[in-house]
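Please read the following note beside the sequence and the 3D view. The points run from the two sites to the overall layout.

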Amino acid sequence: MTLRLDAAAPDFEQRFVSLLAMKRESSHDVDETVRGIIEDVVARGDEALIDYSKRFDRIDLAQTGIAVSAAEVAAAEARCSREQLAALDLALDRITAFHERQKPEDLRFRDAAGVELGWRWSPLDSVGLYVPGGTAAYPSSVLMNVVPAKVAGVKRIVMVVPTPGGHVEPLVLAAAKRSGIDEIYRVGGAQAVAALAYGTKTIAPVVKIVGPGNAWVAAAKRRVFGQVGIDMIAGPSEVLVLADKTANPDWIAADLLAQAEHDESAQSILITDSAEIADATVAAVERHLATLSRTEIASASWRDYGAVILVKKLSDSLPLADRIAAEHLEIISEDAEELAARVSNAGAIFIGAYTPEAVGDYVGGSNHVLPTARSARFSSGLSVLDFLKRTSILKCDAESLRAIGAAAVTLGDAEGLQAHARSVSIRLNALGA
Ligand SMILES: NC(=O)c1ccc[n+]([C@@H]2O[C@H](COP(=O)([O-])OP(=O)(O)OC[C@H]3O[C@@H](n4cnc5c(N)ncnc54)[C@H](O)[C@@H]3O)[C@@H](O)[C@H]2O)c1
Ligand SMILES: N[C@H](CO)Cc1c[nH]c[nH+]1
Ligand SMILES: [Zn+2]
(Lines give C-alpha, C1' and ligand atoms only; values in the text may rest on other atoms or scores of the structure.)
(Ligands and ions follow the chains in the order given, each with its own letter.)
Protein backbone atom coordinates (compact mmCIF):
# COMPACT_ATOMS: atom_id res chain seq x y z
CA MET A 1 0.00 0.00 0.00
CA THR A 2 1.38 3.38 -0.97
CA LEU A 3 2.23 5.44 2.07
CA ARG A 4 -0.16 8.32 2.91
CA LEU A 5 1.13 10.92 5.38
CA ASP A 6 -0.44 14.04 6.83
CA ALA A 7 2.00 16.69 8.03
CA ALA A 8 -0.53 17.70 10.69
CA ALA A 9 -0.60 14.23 12.29
CA PRO A 10 1.20 13.85 15.64
CA ASP A 11 3.35 10.95 14.37
CA PHE A 12 4.26 12.71 11.11
CA GLU A 13 7.93 13.39 11.93
CA GLN A 14 8.53 9.79 12.91
CA ARG A 15 6.84 8.46 9.77
CA PHE A 16 8.64 10.95 7.54
CA VAL A 17 11.99 9.89 9.01
CA SER A 18 11.11 6.26 8.22
CA LEU A 19 10.32 7.28 4.65
CA LEU A 20 13.74 8.96 4.34
CA ALA A 21 15.45 5.92 5.82
CA MET A 22 13.92 3.40 3.39
CA LYS A 23 16.70 1.16 2.13
CA ARG A 24 16.10 1.08 -1.58
CA GLU A 25 19.52 0.44 -2.99
CA SER A 26 22.32 -0.24 -0.56
CA SER A 27 21.22 -3.34 1.24
CA HIS A 28 23.92 -5.39 2.88
CA ASP A 29 23.17 -8.30 0.55
CA VAL A 30 23.73 -6.22 -2.58
CA ASP A 31 26.98 -4.85 -1.21
CA GLU A 32 28.29 -8.29 -0.24
CA THR A 33 27.44 -9.72 -3.66
CA VAL A 34 29.18 -6.81 -5.33
CA ARG A 35 32.29 -7.22 -3.18
CA GLY A 36 32.55 -10.84 -4.31
CA ILE A 37 32.04 -9.95 -7.97
CA ILE A 38 34.73 -7.26 -7.89
CA GLU A 39 37.24 -9.58 -6.21
CA ASP A 40 36.51 -12.25 -8.77
CA VAL A 41 36.96 -9.90 -11.74
CA VAL A 42 40.27 -8.71 -10.26
CA ALA A 43 41.37 -12.35 -9.88
CA ARG A 44 40.05 -13.90 -13.09
CA GLY A 45 39.53 -10.97 -15.49
CA ASP A 46 37.69 -11.86 -18.71
CA GLU A 47 36.80 -15.36 -17.42
CA ALA A 48 34.82 -13.78 -14.59
CA LEU A 49 33.10 -11.41 -17.04
CA ILE A 50 32.06 -14.40 -19.11
CA ASP A 51 30.69 -16.27 -16.06
CA TYR A 52 28.73 -13.36 -14.60
CA SER A 53 27.31 -12.38 -17.98
CA LYS A 54 26.06 -15.97 -18.39
CA ARG A 55 24.50 -15.86 -14.95
CA PHE A 56 22.94 -12.37 -14.95
CA ASP A 57 22.49 -11.54 -18.63
CA ARG A 58 22.04 -14.99 -20.17
CA ILE A 59 24.72 -14.34 -22.78
CA ASP A 60 27.83 -16.36 -23.63
CA LEU A 61 30.56 -13.80 -24.22
CA ALA A 62 32.97 -16.59 -25.13
CA GLN A 63 30.83 -17.00 -28.26
CA THR A 64 29.97 -13.38 -29.03
CA GLY A 65 33.20 -11.73 -27.90
CA ILE A 66 33.27 -9.06 -25.20
CA ALA A 67 33.86 -6.13 -27.56
CA VAL A 68 31.14 -4.90 -29.90
CA SER A 69 32.55 -4.60 -33.42
CA ALA A 70 32.26 -1.55 -35.66
CA ALA A 71 30.35 -3.70 -38.17
CA GLU A 72 27.74 -4.59 -35.51
CA VAL A 73 27.36 -0.94 -34.63
CA ALA A 74 26.89 0.07 -38.26
CA ALA A 75 24.36 -2.73 -38.80
CA ALA A 76 22.45 -1.65 -35.70
CA GLU A 77 22.28 1.94 -36.87
CA ALA A 78 20.93 0.76 -40.23
CA ARG A 79 18.08 -1.00 -38.40
CA CYS A 80 16.87 2.19 -36.67
CA SER A 81 14.01 4.14 -38.19
CA ARG A 82 14.56 7.58 -39.68
CA GLU A 83 12.24 9.00 -37.03
CA GLN A 84 14.29 7.45 -34.21
CA LEU A 85 17.57 8.75 -35.62
CA ALA A 86 16.11 12.22 -36.09
CA ALA A 87 14.93 12.24 -32.46
CA LEU A 88 18.38 11.08 -31.35
CA ASP A 89 20.05 13.82 -33.38
CA LEU A 90 17.75 16.48 -31.95
CA ALA A 91 18.59 15.28 -28.43
CA LEU A 92 22.31 15.17 -29.25
CA ASP A 93 22.28 18.74 -30.58
CA ARG A 94 20.38 20.09 -27.60
CA ILE A 95 22.49 18.23 -25.02
CA THR A 96 25.68 19.42 -26.74
CA ALA A 97 24.53 23.05 -26.80
CA PHE A 98 23.73 22.91 -23.06
CA HIS A 99 27.03 21.32 -22.08
CA GLU A 100 29.16 23.62 -24.29
CA ARG A 101 28.12 26.40 -21.92
CA GLN A 102 29.59 24.52 -18.94
CA LYS A 103 33.21 24.75 -20.13
CA PRO A 104 35.17 26.55 -17.43
CA GLU A 105 37.92 29.09 -18.12
CA ASP A 106 41.58 28.82 -17.17
CA LEU A 107 42.75 31.73 -15.03
CA ARG A 108 46.14 33.37 -14.38
CA PHE A 109 46.62 36.51 -12.29
CA ARG A 110 49.29 38.34 -10.28
CA ASP A 111 48.32 39.20 -6.69
CA ALA A 112 49.31 42.15 -4.53
CA ALA A 113 52.51 40.41 -3.33
CA GLY A 114 53.57 39.85 -6.95
CA VAL A 115 52.92 36.08 -6.91
CA GLU A 116 51.50 34.66 -10.13
CA LEU A 117 48.64 32.28 -9.45
CA GLY A 118 45.95 30.51 -11.34
CA TRP A 119 44.53 27.24 -12.48
CA ARG A 120 44.35 25.23 -15.64
CA TRP A 121 41.68 22.71 -16.64
CA SER A 122 42.63 19.58 -18.51
CA PRO A 123 40.61 16.56 -19.61
CA LEU A 124 40.84 13.16 -17.95
CA ASP A 125 42.86 10.62 -19.94
CA SER A 126 40.19 7.95 -20.13
CA VAL A 127 36.66 7.39 -18.86
CA GLY A 128 34.24 4.49 -18.66
CA LEU A 129 30.60 5.23 -19.38
CA TYR A 130 28.08 2.89 -17.79
CA VAL A 131 24.95 2.67 -19.90
CA PRO A 132 22.22 0.72 -18.11
CA GLY A 133 20.36 -2.01 -19.94
CA GLY A 134 19.09 -4.69 -17.60
CA THR A 135 15.35 -4.24 -17.94
CA ALA A 136 15.10 -1.26 -20.33
CA ALA A 137 17.33 0.19 -23.06
CA TYR A 138 18.82 3.65 -22.59
CA PRO A 139 20.02 5.32 -25.81
CA SER A 140 19.39 8.64 -24.04
CA SER A 141 21.88 7.69 -21.30
CA VAL A 142 24.54 7.09 -23.96
CA LEU A 143 24.18 10.73 -25.02
CA MET A 144 24.00 12.07 -21.46
CA ASN A 145 27.25 10.27 -20.59
CA VAL A 146 29.26 10.93 -23.71
CA VAL A 147 28.43 14.54 -24.54
CA PRO A 148 30.07 16.15 -21.49
CA ALA A 149 33.08 13.83 -21.91
CA LYS A 150 33.52 14.91 -25.53
CA VAL A 151 33.00 18.59 -24.70
CA ALA A 152 35.69 18.27 -22.01
CA GLY A 153 38.08 16.72 -24.55
CA VAL A 154 38.52 13.21 -23.08
CA LYS A 155 40.39 11.12 -25.65
CA ARG A 156 39.59 7.52 -24.65
CA ILE A 157 35.89 7.01 -24.02
CA VAL A 158 34.78 3.46 -23.28
CA MET A 159 31.17 2.36 -23.06
CA VAL A 160 29.86 -0.71 -21.27
CA VAL A 161 26.30 -1.93 -21.60
CA PRO A 162 24.64 -5.20 -20.57
CA THR A 163 22.95 -7.14 -23.35
CA PRO A 164 20.37 -9.40 -21.67
CA GLY A 165 19.77 -12.51 -23.70
CA GLY A 166 22.32 -11.20 -26.19
CA HIS A 167 20.03 -8.38 -27.27
CA VAL A 168 21.16 -4.79 -27.48
CA GLU A 169 18.70 -2.14 -28.59
CA PRO A 170 19.94 -0.89 -31.99
CA LEU A 171 19.33 2.73 -30.99
CA VAL A 172 21.82 2.34 -28.11
CA LEU A 173 24.58 1.46 -30.58
CA ALA A 174 23.38 4.13 -33.01
CA ALA A 175 23.65 6.69 -30.20
CA ALA A 176 27.20 5.54 -29.51
CA LYS A 177 28.15 5.81 -33.18
CA ARG A 178 26.57 9.21 -33.73
CA SER A 179 28.17 10.63 -30.60
CA GLY A 180 31.62 9.28 -31.45
CA ILE A 181 32.17 6.28 -29.14
CA ASP A 182 34.18 3.52 -30.79
CA GLU A 183 35.14 1.30 -27.84
CA ILE A 184 32.11 -0.65 -26.60
CA TYR A 185 31.87 -3.79 -24.42
CA ARG A 186 28.75 -5.88 -23.86
CA VAL A 187 29.07 -6.26 -20.10
CA GLY A 188 26.96 -4.76 -17.36
CA GLY A 189 26.44 -4.71 -13.62
CA ALA A 190 29.15 -4.80 -10.96
CA GLN A 191 31.38 -6.92 -13.21
CA ALA A 192 31.51 -4.16 -15.83
CA VAL A 193 32.38 -1.56 -13.20
CA ALA A 194 35.12 -3.82 -11.83
CA ALA A 195 36.56 -4.40 -15.31
CA LEU A 196 36.68 -0.66 -16.01
CA ALA A 197 38.34 0.01 -12.66
CA TYR A 198 40.92 -2.78 -12.57
CA GLY A 199 41.18 -3.83 -16.22
CA THR A 200 41.07 -7.28 -17.78
CA LYS A 201 42.88 -8.75 -20.78
CA THR A 202 40.23 -7.28 -23.08
CA ILE A 203 39.29 -4.08 -21.27
CA ALA A 204 42.07 -1.64 -20.39
CA PRO A 205 41.31 0.25 -17.15
CA VAL A 206 40.04 3.83 -17.15
CA VAL A 207 40.64 6.59 -14.62
CA LYS A 208 36.99 7.44 -13.91
CA ILE A 209 33.64 5.68 -14.20
CA VAL A 210 30.43 7.61 -14.71
CA GLY A 211 26.83 6.84 -15.44
CA PRO A 212 23.63 5.56 -13.90
CA GLY A 213 22.62 2.03 -13.05
CA ASN A 214 20.69 -0.17 -10.67
CA ALA A 215 21.56 -1.05 -7.07
CA TRP A 216 24.42 -3.40 -8.07
CA VAL A 217 25.98 -0.80 -10.33
CA ALA A 218 25.67 1.91 -7.69
CA ALA A 219 27.18 -0.35 -5.01
CA ALA A 220 30.07 -1.29 -7.33
CA LYS A 221 30.83 2.35 -8.08
CA ARG A 222 30.93 3.07 -4.34
CA ARG A 223 33.38 0.19 -3.87
CA VAL A 224 35.83 1.04 -6.68
CA PHE A 225 36.01 4.71 -5.70
CA GLY A 226 39.63 5.46 -4.86
CA GLN A 227 40.98 3.01 -7.41
CA VAL A 228 39.21 5.22 -9.96
CA GLY A 229 37.12 8.36 -9.74
CA ILE A 230 33.34 8.17 -9.93
CA ASP A 231 30.81 10.84 -10.77
CA MET A 232 28.20 10.27 -8.05
CA ILE A 233 25.69 7.71 -6.90
CA ALA A 234 23.15 7.72 -9.74
CA GLY A 235 21.03 4.75 -8.74
CA PRO A 236 17.32 3.88 -9.02
CA SER A 237 15.32 6.87 -10.25
CA GLU A 238 13.27 9.23 -8.08
CA VAL A 239 10.78 12.00 -8.52
CA LEU A 240 9.19 14.34 -6.00
CA VAL A 241 6.19 16.31 -7.25
CA LEU A 242 5.00 19.39 -5.36
CA ALA A 243 1.53 20.27 -6.59
CA ASP A 244 -1.24 22.66 -5.60
CA LYS A 245 -4.91 22.61 -6.55
CA THR A 246 -4.16 23.99 -10.04
CA ALA A 247 -2.42 20.75 -11.04
CA ASN A 248 -3.98 18.03 -13.17
CA PRO A 249 -4.00 14.75 -11.19
CA ASP A 250 -3.82 12.70 -14.37
CA TRP A 251 -0.63 14.47 -15.38
CA ILE A 252 0.86 14.13 -11.90
CA ALA A 253 0.10 10.41 -11.93
CA ALA A 254 1.79 9.99 -15.31
CA ASP A 255 4.86 11.82 -14.01
CA LEU A 256 5.03 9.68 -10.84
CA LEU A 257 4.82 6.51 -12.91
CA ALA A 258 7.41 7.73 -15.41
CA GLN A 259 10.01 7.24 -12.69
CA ALA A 260 8.34 4.26 -11.00
CA GLU A 261 8.54 2.27 -14.24
CA HIS A 262 12.36 2.44 -14.24
CA ASP A 263 12.91 0.02 -11.40
CA GLU A 264 11.11 -1.71 -8.55
CA SER A 265 13.46 0.30 -6.32
CA ALA A 266 12.52 3.63 -7.92
CA GLN A 267 10.67 6.14 -5.72
CA SER A 268 7.88 8.59 -6.58
CA ILE A 269 6.47 11.00 -4.01
CA LEU A 270 3.72 13.62 -4.20
CA ILE A 271 3.42 16.46 -1.70
CA THR A 272 0.30 18.57 -2.03
CA ASP A 273 -1.76 21.04 -0.04
CA SER A 274 -4.98 19.72 -1.58
CA ALA A 275 -6.66 16.60 -0.23
CA GLU A 276 -8.68 16.42 -3.47
CA ILE A 277 -5.51 16.40 -5.61
CA ALA A 278 -4.00 13.72 -3.33
CA ASP A 279 -7.01 11.40 -3.67
CA ALA A 280 -7.49 12.05 -7.38
CA THR A 281 -3.80 11.38 -8.09
CA VAL A 282 -3.85 8.06 -6.20
CA ALA A 283 -6.89 7.03 -8.25
CA ALA A 284 -5.27 8.20 -11.50
CA VAL A 285 -2.13 6.19 -10.76
CA GLU A 286 -4.24 3.02 -10.57
CA ARG A 287 -5.90 3.84 -13.90
CA HIS A 288 -2.58 4.52 -15.66
CA LEU A 289 -1.02 1.39 -14.16
CA ALA A 290 -3.62 -0.76 -15.86
CA THR A 291 -2.40 0.35 -19.29
CA LEU A 292 1.41 0.47 -18.93
CA SER A 293 3.67 -2.20 -20.41
CA ARG A 294 5.94 -2.13 -17.35
CA THR A 295 3.02 -2.36 -14.93
CA GLU A 296 4.70 -4.91 -12.70
CA ILE A 297 7.80 -2.83 -12.09
CA ALA A 298 5.90 0.44 -11.72
CA SER A 299 3.31 -1.12 -9.38
CA ALA A 300 5.97 -2.61 -7.14
CA SER A 301 7.83 0.70 -6.93
CA TRP A 302 4.63 2.68 -6.22
CA ARG A 303 3.41 0.13 -3.66
CA ASP A 304 6.70 -0.27 -1.78
CA TYR A 305 8.30 3.16 -2.04
CA GLY A 306 5.62 5.59 -3.29
CA ALA A 307 4.22 8.20 -0.92
CA VAL A 308 1.61 10.96 -0.85
CA ILE A 309 2.04 13.68 1.75
CA LEU A 310 -0.57 16.26 2.64
CA VAL A 311 0.63 19.66 3.91
CA LYS A 312 -1.34 22.71 5.02
CA LYS A 313 0.15 25.07 2.42
CA LEU A 314 2.50 24.20 -0.43
CA SER A 315 5.38 26.28 0.95
CA ASP A 316 5.35 23.86 3.95
CA SER A 317 6.65 21.24 1.51
CA LEU A 318 9.95 23.06 0.96
CA PRO A 319 11.78 21.90 4.12
CA LEU A 320 10.53 18.37 3.41
CA ALA A 321 11.77 18.60 -0.19
CA ASP A 322 15.20 19.68 1.04
CA ARG A 323 15.32 16.69 3.38
CA ILE A 324 14.23 14.27 0.65
CA ALA A 325 16.79 15.82 -1.76
CA ALA A 326 15.17 14.11 -4.72
CA GLU A 327 16.88 13.36 -8.00
CA HIS A 328 14.03 15.15 -9.81
CA LEU A 329 11.77 17.79 -8.33
CA GLU A 330 8.66 18.87 -10.24
CA ILE A 331 6.78 21.93 -9.04
CA ILE A 332 3.28 22.39 -10.41
CA SER A 333 1.78 25.45 -8.81
CA GLU A 334 0.80 29.03 -9.47
CA ASP A 335 3.93 29.96 -7.48
CA ALA A 336 6.24 27.41 -9.08
CA GLU A 337 9.10 29.84 -9.84
CA GLU A 338 9.06 31.37 -6.40
CA LEU A 339 8.95 27.95 -4.68
CA ALA A 340 11.75 26.61 -6.92
CA ALA A 341 14.00 29.49 -5.91
CA ARG A 342 13.71 28.41 -2.28
CA VAL A 343 14.79 24.77 -2.77
CA SER A 344 18.45 23.91 -2.21
CA ASN A 345 18.58 20.11 -2.48
CA ALA A 346 17.47 18.59 -5.78
CA GLY A 347 19.30 17.03 -8.74
CA ALA A 348 17.15 18.95 -11.23
CA ILE A 349 14.04 21.12 -10.87
CA PHE A 350 11.21 21.06 -13.41
CA ILE A 351 9.12 24.21 -13.18
CA GLY A 352 5.45 24.38 -14.11
CA ALA A 353 2.79 22.08 -15.51
CA TYR A 354 4.32 21.95 -18.99
CA THR A 355 7.74 20.68 -17.89
CA PRO A 356 7.28 16.96 -17.27
CA GLU A 357 10.42 15.34 -15.94
CA ALA A 358 10.53 13.09 -19.03
CA VAL A 359 11.43 16.09 -21.15
CA GLY A 360 14.64 16.34 -19.14
CA ASP A 361 15.26 12.62 -19.61
CA TYR A 362 15.43 13.03 -23.36
CA VAL A 363 15.44 16.37 -25.10
CA GLY A 364 15.54 19.26 -22.62
CA GLY A 365 19.32 19.46 -22.99
CA SER A 366 20.34 19.29 -19.32
CA ASN A 367 21.90 16.06 -18.08
CA HIS A 368 19.67 13.24 -16.83
CA VAL A 369 22.46 11.48 -14.90
CA LEU A 370 21.58 12.87 -11.49
CA PRO A 371 22.27 12.12 -7.83
CA THR A 372 19.87 9.74 -6.08
CA ALA A 373 19.38 8.35 -2.57
CA ARG A 374 19.49 11.86 -1.03
CA SER A 375 22.96 12.51 -2.43
CA ALA A 376 21.67 15.74 -4.02
CA ARG A 377 22.44 17.20 -0.58
CA PHE A 378 26.11 17.12 -1.57
CA SER A 379 26.46 16.35 -5.26
CA SER A 380 25.26 17.50 -8.65
CA GLY A 381 24.25 16.05 -11.98
CA LEU A 382 26.81 14.89 -14.51
CA SER A 383 28.54 17.80 -16.22
CA VAL A 384 31.62 18.78 -18.21
CA LEU A 385 33.41 19.40 -14.90
CA ASP A 386 33.23 15.66 -14.10
CA PHE A 387 35.56 15.01 -17.01
CA LEU A 388 38.12 17.69 -16.18
CA LYS A 389 40.85 18.14 -13.58
CA ARG A 390 41.83 21.53 -12.26
CA THR A 391 45.56 22.04 -11.68
CA SER A 392 46.73 24.99 -9.61
CA ILE A 393 49.63 27.11 -10.93
CA LEU A 394 52.03 29.14 -8.73
CA LYS A 395 55.01 31.28 -9.79
CA CYS A 396 57.10 33.42 -7.48
CA ASP A 397 60.02 35.57 -8.49
CA ALA A 398 62.71 36.73 -6.07
CA GLU A 399 60.71 39.80 -5.05
CA SER A 400 57.46 37.98 -4.35
CA LEU A 401 59.23 35.16 -2.50
CA ARG A 402 60.88 37.82 -0.36
CA ALA A 403 57.39 39.26 0.33
CA ILE A 404 55.68 36.10 1.57
CA GLY A 405 58.49 33.60 2.33
CA ALA A 406 59.12 34.47 5.97
CA ALA A 407 55.56 33.49 6.91
CA ALA A 408 56.05 30.11 5.24
CA VAL A 409 59.20 29.57 7.29
CA THR A 410 57.28 30.43 10.47
CA LEU A 411 54.48 27.98 9.62
CA GLY A 412 56.98 25.24 8.64
CA ASP A 413 58.71 25.65 12.01
CA ALA A 414 55.37 25.66 13.82
CA GLU A 415 54.45 22.36 12.20
CA GLY A 416 57.81 20.89 13.16
CA LEU A 417 58.63 20.33 9.49
CA GLN A 418 62.15 21.62 9.34
CA ALA A 419 62.86 20.73 5.72
CA HIS A 420 59.82 22.72 4.64
CA ALA A 421 61.06 25.77 6.48
CA ARG A 422 64.57 25.27 5.13
CA SER A 423 63.51 24.98 1.48
CA VAL A 424 62.14 28.51 1.76
CA SER A 425 64.74 30.02 4.10
CA ILE A 426 67.63 28.72 1.98
CA ARG A 427 66.35 30.92 -0.85
CA LEU A 428 65.60 33.90 1.36
CA ASN A 429 69.12 33.68 2.73
CA ALA A 430 70.52 33.65 -0.80
CA LEU A 431 68.49 36.79 -1.49
CA GLY A 432 69.92 38.38 1.63
CA ALA A 433 66.39 38.64 3.08
N1 LIG B 1 19.95 8.30 -11.55
C2 LIG B 1 20.06 8.39 -12.85
O3 LIG B 1 20.62 9.35 -13.36
C4 LIG B 1 19.51 7.27 -13.73
C5 LIG B 1 19.42 7.43 -15.14
C6 LIG B 1 18.95 6.36 -15.91
C7 LIG B 1 18.59 5.17 -15.29
N8 LIG B 1 18.71 5.07 -13.93
C9 LIG B 1 18.46 3.82 -13.22
O10 LIG B 1 19.27 2.84 -13.84
C11 LIG B 1 18.74 1.57 -13.51
C12 LIG B 1 18.74 0.65 -14.70
O13 LIG B 1 18.59 -0.63 -14.18
P14 LIG B 1 18.60 -1.94 -15.04
O15 LIG B 1 18.46 -3.06 -14.09
O16 LIG B 1 17.61 -1.80 -16.14
O17 LIG B 1 20.02 -1.98 -15.76
P18 LIG B 1 21.53 -1.97 -15.21
O19 LIG B 1 22.39 -1.99 -16.43
O20 LIG B 1 21.74 -0.89 -14.24
O21 LIG B 1 21.71 -3.35 -14.44
C22 LIG B 1 21.75 -4.57 -15.10
C23 LIG B 1 22.80 -5.44 -14.47
O24 LIG B 1 22.52 -5.62 -13.07
C25 LIG B 1 23.15 -6.79 -12.64
N26 LIG B 1 22.26 -7.59 -11.78
C27 LIG B 1 20.94 -7.77 -11.92
N28 LIG B 1 20.49 -8.61 -10.96
C29 LIG B 1 21.57 -8.96 -10.21
C30 LIG B 1 21.76 -9.80 -9.06
N31 LIG B 1 20.73 -10.45 -8.51
N32 LIG B 1 22.99 -9.89 -8.55
C33 LIG B 1 24.04 -9.25 -9.11
N34 LIG B 1 23.91 -8.45 -10.19
C35 LIG B 1 22.69 -8.31 -10.73
C36 LIG B 1 23.49 -7.61 -13.85
O37 LIG B 1 24.87 -7.68 -13.98
C38 LIG B 1 22.92 -6.83 -15.03
O39 LIG B 1 23.79 -6.82 -16.14
C40 LIG B 1 17.36 1.80 -12.92
O41 LIG B 1 17.46 1.69 -11.53
C42 LIG B 1 17.07 3.26 -13.31
O43 LIG B 1 16.19 3.86 -12.40
C44 LIG B 1 19.17 6.09 -13.16
N1 LIG C 1 14.79 9.22 -15.49
C2 LIG C 1 16.09 8.61 -15.67
C3 LIG C 1 17.01 9.20 -14.61
O4 LIG C 1 16.59 8.87 -13.35
C5 LIG C 1 16.70 8.84 -17.02
C6 LIG C 1 15.97 8.22 -18.17
C7 LIG C 1 16.49 7.72 -19.30
N8 LIG C 1 15.49 7.30 -20.07
C9 LIG C 1 14.37 7.55 -19.47
N10 LIG C 1 14.66 8.11 -18.30
ZN1 LIG D 1 13.27 8.44 -16.76
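**Notes on the model**

1. Gln191 lies in helix H9, which covers residues 189-198; helices here are DSSP runs of H or I with at least four residues, strands are DSSP runs of E with at least two, and both are numbered from the N terminus. Gln191 is buried, with 28 other C-beta atoms within 10 Å, where buried stands for 20 or more such atoms, exposed for 12 or fewer and partly exposed for what falls in between, with C-beta atoms placed from the backbone. Leaving aside residues up to four places away in sequence, Gln191 touches Ile37, Val41, Ala48, Leu49 and Tyr52, a contact being two C-beta atoms, placed from the backbone, that lie within 7 Å.

2. Before going further, please keep in mind that this is a predicted model, in which local features need a pLDDT of at least 70 and side-chain atom pairs count only at pLDDT 80 or more, while totals for chains, interfaces and linings use all residues. Residues are numbered from 1 along each chain as its sequence is written, and chains are lettered from A and ligands numbered from 1 in the order in which they are written. The chain averages a pLDDT of 97, and 100% of the residues score at least 70, pLDDT being the predictor's confidence in each residue on a scale from 0 to 100. For the complex, the predictor gives an ipTM of 0.97 and a pTM of 0.95.

3. An unreviewed UniProt entry places the feature "binding site" at Tyr130, Gln191 and Asn214. These residues span 85 residues in sequence, yet no two of their C-alpha atoms are more than 12.9 Å apart, so they gather at one spot. UniProt positions follow the numbering used here, feature names are shortened, and annotations may be inferred rather than shown by experiment.

4. Tyr130 belongs to strand S4, residues 126-130, and is buried, with 31 other C-beta atoms within 10 Å. Its contacts, not counting residues up to four places away in sequence, include Val160, Ala192, Ile209 and Gly213.

5. The unreviewed UniProt entry also gives the annotation "binding site" to Gln259, His262, Asp361 and His420. Spread over 162 residues of sequence, these four are also spread in space, with up to 55.0 Å between C-alpha atoms. His262 sits in the loop between helix H11 (249-260) and strand S10 (267-272) and is buried, with 26 other C-beta atoms within 10 Å. His420, in contrast, lies in helix H18, residues 418-430, and counts as partly exposed, with 15 C-beta neighbours inside 10 Å.

6. Which residues are closest to ligand 1? They are Gly134, Gly188, Gly189, Pro212 and His262, out of 31 residues that surround this ligand, a residue being near a molecule if its C-beta atom, placed from the backbone, lies within 6 Å of it. Helix H3 (46-57), H9 and helix H10 (215-224) each supply at least two residues of this shell. The shell divides into 14 nonpolar, 14 polar and three charged residues, where Ala, Val, Leu, Ile, Met, Phe, Trp, Tyr, Cys and Pro count as nonpolar, Asp, Glu, Lys and Arg as charged, and the others, Gly among them, as polar.

7. Around ligand 2 are Tyr138, Ser140, Ser141, Ser237, Gln259, Glu327, Asp361 and His368, and by class this shell has one nonpolar, five polar and two charged residues.

8. The chain is divided into domain 1 (3-24 + 236-364), domain 2 (28-233 + 384-388) and domain 3 (396-430), with bounds that come from an automatic or database domain assignment. The centres of domain 1 and domain 2, taken over C-alpha atoms, are separated by 29 Å, and their contact takes seven residues from domain 1 and seven residues from domain 2.

9. Leu117, in strand S3 (residues 116-123), is 277 residues from Leu394 in sequence but 4.7 Å from Leu394 in space, C-alpha to C-alpha. Leu117 counts as partly exposed, with 15 C-beta neighbours inside 10 Å.
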